[in-house]
Amino acid sequence: MNKVQVHVGSLADMGARFVGAWNRAAAGEQVDETHVTFLDVQTMLDTLTPKRLELLRHVHRHAVGNVRELAQALGRDYKNVHGDVAILETAGLLVREGGKLTAPWEQVQATVSLA
């Protein structure tokens, strides 16, 4: 399953994931994973709102040419959808490929460590 793994952690945590993937690749292992790390829980929750998750689901399931088309399909205000798209793109959860918006993952898996 193609998924993006969302974490709450520090820069050191991000670095450790990168080094681990690098070492596995250097050892000949196929490494094909995507991670997004937020520095705190509140930022993650502010980014992954129900409306933005709905937007990601829609983009994953349907070809979307632009933000205006997406806003119309969702029945939402263009300005709000534009802002949501910008935030999700900045986070790395929404991607522009060939001028189209895509959410290439089948699953967004969030992990919050208590340790």
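In the predicted model, Asp84 is buried, its relative accessible area being 8%. The side chain of Asp84 meets that of Arg76 in a salt bridge, with an N to O distance of 2.6 Å. Arg76 likewise counts as buried, since its relative accessibility is 17% and the limit for burial is under 20%. Both partners of this pair are therefore classed as buried.

Glu89 pairs with Arg96, and the closest N and O atoms of the two residues are 2.9 Å apart. The relative accessibility of Glu89 is 27%, which places this residue in the partly exposed class, and Arg96, at 41%, is also partly exposed. A salt bridge also joins Arg24 to Glu29, where the closest N and O atoms lie 3.4 Å from each other. Arg24 has a relative accessible area of 28% and is partly exposed; Glu29, with a relative accessibility of 42%, is partly exposed as well. This pair belongs to a network of salt bridges that links Arg24, Glu29 and Glu33. In total, the structure contains 5 salt bridges. In general, side chains of opposite charge can pair when their charged atoms come close.

The packing of helices was examined next. Helix 4, formed by residues 67-74, packs against helix 5, formed by residues 78-91, at an angle of about 115 degrees, and the two axes are 9 Å apart. The crossing of these two helices is right-handed. On the side of helix 4, the contact is made by Val67, Arg68, Leu70 and Ala71, while helix 5 contributes Tyr78, Val81, His82 and Val85. By residue class, this contact comprises 6 nonpolar residues, 1 polar residue and 1 charged residue. Arg68 is the charged member and His82 the polar one, because Arg is counted as charged and His falls among the residues classed as polar.

Asn80 is also located in helix 5. This residue is partly exposed, with a relative accessibility of 44%. The C-alpha atom of Asn80 is separated by 10.0 Å from that of Lys51, although the two residues are 29 residues apart along the chain.

The largest nonpolar core consists of 24 residues. Those with the most contacts inside this core are Leu55, Val59, Leu70, Val85, Leu93, Leu94 and Leu101. At least two core residues are supplied by each of strand 1 (3-8), strand 2 (34-38), helix 3 (50-61), helix 4 and helix 5. Leu70 and Val85, which are listed among the core residues with the most contacts, also take part in the contact between helix 4 and helix 5.

The surroundings of Leu101 bring together several of these residues. When neighbours within four places in sequence are left aside, Leu101 is in contact with Val59, Val64, Asn66, Val67, Leu70, Val85, Leu94, Val95 and Arg96. Of these, Val67, Leu70 and Val85 are also named in the contact between helix 4 and helix 5, and Arg96 is the salt-bridge partner of Glu89.

Thr102 lies in strand 4, which spans residues 100-102. With a relative accessibility of 18%, Thr102 counts as buried. Not counting residues up to four places away in sequence, Thr102 touches Val59, Leu94, Val95 and Glu97. Val59, Leu94 and Val95 are likewise among the contacts of Leu101.

Key
Residues numbered from 1 in each chain as written. Predicted model: local features only at pLDDT ≥ 70, side-chain atom pairs only at ≥ 80, totals over all residues. Heavy atoms only, no water. Salt bridge = Lys/Arg side-chain N within 4 Å of Asp/Glu carboxyl O. Buried < 20%, exposed > 50% of the residue type's maximum accessible area, 1.4 Å probe, protein only. Axes fitted to C-alpha atoms, helices over the stretch in contact; angles between N-to-C directions. Helix = DSSP H or I, 4+ residues; strand = E, 2+ residues; numbered from the N terminus. Left-handed = near helix turned anticlockwise from the far one by under 90°. Contact = heavy atoms within 4.5 Å. Core = buried A, V, L, I, M, F, W, Y, C linked by side-chain atoms within 4.5 Å.
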